[in-house]
Amino acid sequence: MQIITRQEVADNLNYPSLIQALKQGFAQPAGTPTRQVFELDNSHNNHDAFAVLPAWNADVIGVKAFTYFPDNNQHDKASLYSKIMLFSRQFGEPLALVDGTEVTLWRTSAVSALAAEYLAPKHAKHLVFFGSGNLASYMINAHLSVRNYSKISIIARNSEKGRLLLELLSSQHQGVEFSLYQQATASVIASADVISCATGSHTPLFNGEWLSDGTHIDCIGNHHKDCREIDTKTVTKSRVFVDSRANVLNEAGELLLPISEGQFSPEKVVAELSEMTKNNLGRSNENEITLFKSVGTALSDLIGAKLVYDLVQK
């Protein structure tokens, strides 16, 4: 059995290959039981969690286990630790133990970009990105792999982390105009073709009234029923897509809170990612507002880990 390190994951993955693998993998039959997320402490201000995500397809069986301790930065520790175990589907024998932390960063951003491939305006030029955490550079690079953005506005409450992110991305993408803000403004949101949210915010990041026709929004930062990165107005103005109905409607306040308010219903979700890839479902016209909410799936972990395993063999 192979041990595949975080560095090996980073050295072998690239967005075109991963997005294509996800597109093909989500269109194929797979076993994807509802993931199990366990709150380790029931107190209101503690969000420590442990999760187990099993999945299988025609090639492999996999299970990802991860811990999420959001206050770990106070102790110079990472907030998320993860491992993915892969088994042969044919014989059930162990194949590899893959670093799940790096796979998670890549697959989360790649799923967001895959959805944008279906939903973002074809000629999108302005990306507004909320966040400056570990996922930020991955998310922006993933989105740049599916659309030719000329302008990217980063909105980061932590100005120092935002500055470092802007410097890094500016050095990598010299043909793109980057700008940095600490909070959203009506003019920035109204000028966006795509808005991507990857924050730990518990409350909406912008006013849905500011959105222009034709905008695509994705939200990947929140996993709590009573929190949300976008407001109800954003949801009700949008055609809504998700990575997994079962997971999103079990965990994500972005949809659960509007449902509790009587402003949205599960039946209004147009499609989940497997349906989008199987049936080529996406944007129906250039004027509609689209929303993609993702909380993560075991299938995306399985596909990402299997791709890494295959690439390492070469």
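Ser137 is part of helix α4, which spans residues 136–144 (helices are DSSP runs of H or I with at least four residues, strands runs of E with at least two, both numbered from the N terminus). The model is predicted, so local features need pLDDT of at least 70 and side-chain atom pairs pLDDT 80 or more, while totals for chains, interfaces and linings use all residues. Residues are numbered from 1 along each chain as its sequence is written, and side-chain values use heavy atoms, without hydrogens and water.

**Ser137**
- Ser137 has a relative accessible area of 18% and is therefore buried (under 20%, with a 1.4 Å probe and protein chains only).
- Leaving aside residues up to four places away in sequence, Ser137 touches Leu165, Leu168 and Leu169 (contact means heavy atoms within 4.5 Å).

**Packing of α3 and α4**
- Helix α3 (residues 100–119) packs against α4 at an angle of about 35°, and the axes are 8 Å apart (axes are lines fitted to C-alpha atoms over the stretch in contact, with angles from 0 to 180 degrees between N-to-C directions).
- On the α4 side, the contact is made by Tyr138, Met139, Ala142 and His143; the α3 residues include Trp106 and Ala113.
- By class, the contact residues are eight nonpolar, four polar and one charged (Ala, Val, Leu, Ile, Met, Phe, Trp, Tyr, Cys and Pro count as nonpolar, Asp, Glu, Lys and Arg as charged, and the others, Gly among them, as polar).

How values were computed
Buried < 20%, exposed > 50% of the residue type's maximum accessible area, 1.4 Å probe, protein only.
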